[in-house]
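Me: I would like to learn how to read a structure with several chains. Can we go through some features one at a time?

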Amino acid sequence: MVQERIEAANKKVMEIILNGQPTLLDIGVAEEVIPGMAKKTILHAGPPIKWGKMSGPLRGAVIGALIYEGLAVDEKEAIKLAASGEISYDPCHHHNTVGPMAGVVSASMPVWILQNKKYGNYSYCTLNEGLGKVLRYGAYSDEVIKRLKWMENLLAPLLKQALKLHGPIDLKTMITQALQMGDEGHNRNRAGTSLLIRELAPYIIQTKFSEKEKIEVLKFINSNDHFFLNLTMPAAKCTMDAAKNIEFSTIVTVMARNGTEFGIRVSGLGDRWFTGPAGIVDGLLFPGYSAEDANPDIGDSVIAETVGIGGFAMAAAPAIVQFVGGSAKDAVNFTLNMYEITAAENSIYKIPALDFRGTPTGIDIRKVVETGILPSINTGIAHKDSGIGQIGAGLVKPPMNCFEDALQAFVEDLEAKNLV
Amino acid sequence: MALKYLIRENAYYDSVTLMIITREVKKIKGVKEVIVGMGTELNKELAGNLNLLTPELQKITPNDFFISLDSVDDNIAKKAFAFVDELLSKKKAESEDYQPSTLESALKYMPDANLILISLPGKYAAREAKNALLNNKHVMLFSDNVTLEEEIELKKLAKQRGLLMMGPDCGTAIINHVALAFSNVIRKGPIGIVGASGTGIQEVTVMIDKLGSGISQAIGTGGRDLKAEVGGIMMFEGLKALQNDPLTEVIVLISKPPDKEVARKVLSILKEGEKPSVVYFAGGDPEVIKEYGSIPGLSLEDTAHKAVAITKGMSIEDFAGFTVTKINKIIQEEAKKLKKDQRYIRGLYTGGTLCDEAMIILSALIGDIYSNIPLKPEGKLSDINKSYRHSLIDLGDDEFTRGKPHPMIDPYVRQERILSEAKDKEVAVILMDFVLGFGSNSDPVGEMIPYIQKTREIAAKEGRYICMISSVCGTEEDPQNLIEQEKKLKEEGVIVMPSNAQAVRLAAAIVLSRRNSQ
Amino acid sequence: MTKINELFQQELKVINMGLESFNENLKKQNVKTIQVDWKPPTRGNKKMLSLLDKLR
């Protein structure tokens, strides 16, 4: 009976997801540690996309990366190179990597190295640059490049040493705690960042860097509430990667956007991407900006919702819902709605406001199509022109056709195997 | 061109709240640009970008709250500031309880649910009912527009699993003394009912309550259960359950005339059991019922009388009369008030089975009755919106309710109809049922009173009197106040009879009395 | 005892799918009831509905 096959496969997938042990091990250089990374390879957020189709923030980030790598001296050269065919563009997801917003990763960038201790697989993510005019929003001014260099030359090596002194950090536990302190792991990361800096501070002090340098590093982390985002994301990534390729499973293992398209991947459908137009975020814009300024949804950060946090844990972070004019009760309802489309309740990530009920985890494409309920995603809004930065935050949903197309492919697969 | 600003020191509001307020203030006509926020560097920068930064604002700290706006004049600015304060102090109303989106998730929230009540569009209702049965839950299916094939499949599945499958088109059921969908609040007692008709169950249960007795269960089967194709599946299961129910001493069965084979099967089941039973097959042959040892009910009221008599150990007698004192006086007086041309009865019914019962009684007493649901094909009205001679209309029938709420909920159709009857010179008597209970309008009589008054006015203008007779199907425990409802009718000169059958017989008696006196 | 007779011994607990007034009336009678916020499955998309049914 086909239903039983699917239920058994989904059960296996859920077991893998819930048993994942994302652990922060180290910091490395992209080219050295990310599989398939090369000097002229640029990784980006979301499903595959060509240079010609990239939206403002992603284009800007590519330009910035090429300048940072020394492959181009200015914007003009960078654009020429970007369009030349010499640069390989590939989704971060194809390389066990995730990136927020434009999500651009280039060879010299330092990256967090995580391992799913239970299943052995690795994941990677750059360190968060901060707020305002940054590469991930498509900025590529001198200031941006300078900051990237500082991160490469000071931030990363110092933190690498601190980590070595500290030892691996159990991120699953840290995320669990953050969820009980008002974070949801995507758009609200203040608690996680606080927990991280608290954990590392004694060891940052013990590194062999100057006092001035240690102060710079501590201040840098402290000034950026979203520093922890670049750890929740790869934690989710290595958790989900272990659950790939389970035949007959209808559970979503990846959701990601590149600023033009939204894409999903399903465990039982291998490496296939199912894409649709990236949506416009419904939310609040900073004063001076209007809807016309917004870029479509962008970033790999929706891996948070994929693993059951972010928008799915909104009941843990009621402040977020105000972005769409909701009340604290509405935040609870957003989460409650997500139980309708997920396979299980998380065994570790619990929400105090729901009497410590586990977050809704494991999106089932059948349930999305049946109920018409789409995953709720909390996200930032980027200006559509490169280099301006974040202009707001709010809620967005994936296009339904991703799930419908995946369902159709799933049934066709089974038909080809004569199982329906 | 006016730039106005406001500073409140050490007044904290969270940034998101302030962003929302900024957006709302921007919508005010006459506001060109605005920023509402705490005195952070970022907000000062944004204010600067909007040319809203003043030297005073430059000095404030992140602990200070500010509004800066550019408006067409000072009045607008004042309005905007007041609006901001309004929004800051506004409290959001609590949203309601969470409503799960599917049966599956509802079952997660209430795993011990034992009855699924479905009133979804017919197109989808069967699928959900099937799902419920597959989850081993009893079902009450209020929806109609479910196909006969779907009904059969559902009832077979239910039977297989030993579950109740009440419906489709089941409007009334009282299980464990809970009034479901359109049902009344009835005293607890030893009479168990299985019925293929909603208002039939309502009238019988109400009568039982009025007679001082009560019910154990009232199981609805839906209107088509006793058709040949369905074969009475739910009727069987219901009857068997009542036979095995220690709290049921007498069984009552209510239906339109069933398929003959099905009737015999059902009556056999009753015979096999040890409990006495009263059977109402509206207008059906009482002899068949007697053959199988059950007692035939001649009307809904009579059915109730007999059931109650059995529980009291009293003799079983046909009740086809009146319980109203001085009934003859009433008949004479009413008949006298009518003019020569006034000879017809018009029944405006919200309950289908009550309309049916009325037609059965009347056709035996006064001849041909026309209707949208006639007893014989020849009786079908060519235009259901226009009465002809003696007409009894079931306003709850599909033809009237397409795209409109049922008349037990929304009186509009009957309100319109009574006015057109009022204009007809040949109308002698107007009959109306008022069905109380859960599900029904909160004041069925109150809704009709103005139209009853208008009817009187229309007739009076032409020197006519129209006799109006009603029965109120309700108990004193129903959410609508039975006594009040009856009182309101009496105050308008409507004759209130204790049952539908008596109301109908009175109408016939008045019309016949007139006929005879001419 | 059949399931129907068992039901007669239990406290009625209802899941209401459809008219909210039915749910309200049950609450007035102090019956435990839950209202389903029902929408047509697959938002009325017949093709998707038949795909889903293949997987049952």
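This is a predicted model: local features need pLDDT of at least 70, side-chain atom pairs count only at pLDDT 80 or more; totals for chains, interfaces and linings use all residues.

Me: How many residues has H8(B), and how far does the helix reach?

Reply: Helices (H or I, at least four residues) and strands (E, at least two) are DSSP runs, numbered from the N terminus. The expected span of a helix is 1.5 Å times one less than its number of residues. H8(B), residues 198-210, has 13 residues and reaches 18 Å from its first C-alpha to its last, close to the 18 Å expected.

Me: Is H8(B) mostly covered or mostly open?

Reply: A residue is buried if 20 or more other C-beta atoms lie within 10 Å of its own, exposed if 12 or fewer, and partly exposed in between, with C-beta atoms placed from the backbone. By that count H8(B) is mostly covered, with 13 of its 13 residues buried.

Me: Which residues of H1(A) are buried?

Reply: An α-helix has 3.6 residues a turn, so residues three or four places apart point the same way. In H1(A) the buried residues are Ile6(A), Asn10(A), Val13(A), Met14(A), Ile16(A), Ile17(A) and Leu18(A). Their cover includes helix H9 (229-241), strand E12 (342-351) and strand E13 (357-363) of chain A.

Me: Which residues touch the most other members of the largest nonpolar core?

Reply: In soluble globular proteins, nonpolar side chains tend to be buried together. A nonpolar core is a set of buried Ala, Val, Leu, Ile, Met, Phe, Trp, Tyr and Cys residues joined through C-beta atoms within 7 Å. The largest has 159 residues, of which Val62(A), Val111(A), Trp112(A), Ile303(A), Ala313(A) and Ala406(A) touch the most other members. Helix H5 (residues 142-166) of chain A gives the most to this core, nine residues. Another core, of 149 residues, lies apart from it and has Leu115(B) and Met207(B) among its members.

Me: How do E2(B) and E3(B) pair, parallel or antiparallel?

Reply: Two strands pair if DSSP finds at least two bridges between them. E2(B), residues 31-38, and E3(B) are antiparallel, with seven bridges. Val34(B) has Leu69(B) in E3(B) as its bridge partner. E3(B), residues 65-71, is mostly covered, since six of its seven residues are buried.

Me: How many residues do chain B and chain C give to their contact?

Reply: Two residues are in contact if their C-beta atoms, placed from the backbone, lie within 7 Å. Chain B gives 36 residues and chain C gives 26. E4(B) supplies the largest share of the side of chain B, four residues. Four bridges join E4(B) to strand E1 (residues 13-17) of chain C, and the two run parallel. Ile116(B) stands opposite Ile15(C) there.

Me: And how many residues of chain A are in contact with chain C?

Reply: 12 residues of chain A are in contact with 10 residues of chain C. H13(A) gives the most to the side of chain A, with four residues.

Definitions and conventions
Residues are numbered from 1 along each chain as its sequence is written. Chains are lettered from A and ligands numbered from 1 in the order in which they are written.
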